[in-house]
Amino acid sequence: MFDRENSNENILVFKVEDFDTIDDFTFNMIKANPIDSAITIGIDSSNLLLAISNLVPLDSYLRKTPLTIDAILEQYNSTKDKLESYMIPSEELILNYEYTYVDPESGEVRFPLVPTEYSYFETHTEKEFILCVKDALGPEVKVKKKKKEEKPKVAKRSLRERMRDVVMSGSGDDMFEFESDGMLPEGVNVIKVRSTGAEYPLLFGPDTIGTDESRCSIPFSGNAEMEAEHCVITLGHGKYNLSDLNSKSGTFLNGLRLEPGKTYELSSADLITVAGEDLVFSRRS
């Protein structure tokens, strides 16, 4: 959550809660490939720091130099497109009137990019955002209703796919080298499916297990007893943790049924049972 109390005119602080996890992939990608329309991020302990020293709040800017709502939303959508080109989830880009800024020299809008699993809770709907802009511009402003364009639904890429695409494009750390789809680097924590032998690397997390291939990096689309998002493996302070996402059939760790919402630390050779599927957590050597 955004921490106004500890923020100032130079730094906007986003406090990462205990239940949340920083997306290291996005953080490292943005540090290596800055996006002008996204506010620069840094990290201090468990907090994310957004640099706003040369920016002014959108609210203050609009009261002196009006911008059209269409222009603001166009910049927002353009920024989302740039993120997609880097395999960064668009949910990590925050559309929130209170935390949107403007570069006073160029007049370009800057949006906070917060790479955590649950940062999207800070995002307003487009309707809420428009109402805030209208309030700042005055009641005489009319908003043109834009015809909604149908865009093809693109499945969210797994962390393995995201990392592999970066490597194949020539970016990223040389330690992650994939010569083929069947090869994984040494020293990586993996989930191995006993029934098929398939291995899924746990790079930066979170990794969700379930049937929805668009949202799960470890998918089981044909399992009728498994939830769309059944359980999740997260990384925090160098340790991997497993949580059941309130599933009906439950998640079991070494035979013990997990309490929904509670995190359980994983150890090497742990057996995870999900809707009849046996998964082994281990480190690839």
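## Pairing of β2 and β5

Over 5 bridges, strand β2 (residues 11-15) runs antiparallel to strand β5 (residues 47-51), where two strands count as paired if DSSP finds at least two bridges between them, and where helices (H or I, at least four residues) and strands (E, at least two) are DSSP runs numbered from the N terminus. Within this pairing, leucine 12 stands opposite leucine 50 in β5.

This is a predicted model, in which local features need pLDDT of at least 70 and side-chain atom pairs count only at pLDDT 80 or more, whereas totals for chains, interfaces and linings use all residues. Residues are numbered from 1 along each chain as its sequence is written, and side-chain values use heavy atoms, with hydrogens and water left out.

## The open sheet and its helix

The open sheet holds 4 strands in the order β1-β2-β5-β4, with antiparallel pairing. Because β1 (2-3) and β4 (41-44) stand at the edges with a single partner strand each, one side of each is left without a neighbour in the sheet. Helix α1 (residues 24-32) packs on the sheet and touches β4 and β5 (contact means heavy atoms within 4.5 Å); its direction makes about 125 degrees with that of β4, with axes fitted to C-alpha atoms, for helices over the stretch in contact, and angles running from 0 to 180 degrees between N-to-C directions.

## Strands in a pocket lining

Both β13 (231-236) and β14 (239-244) supply at least two residues each to the lining of the second largest pocket (an open set of points on a 1 Å grid over the protein atoms alone, where a 1.4 Å probe fits, with protein on both sides within 12 Å along at least five of seven lines, and lining residues having an atom within 4 Å of a point). The most is given by β13, with 4 residues.
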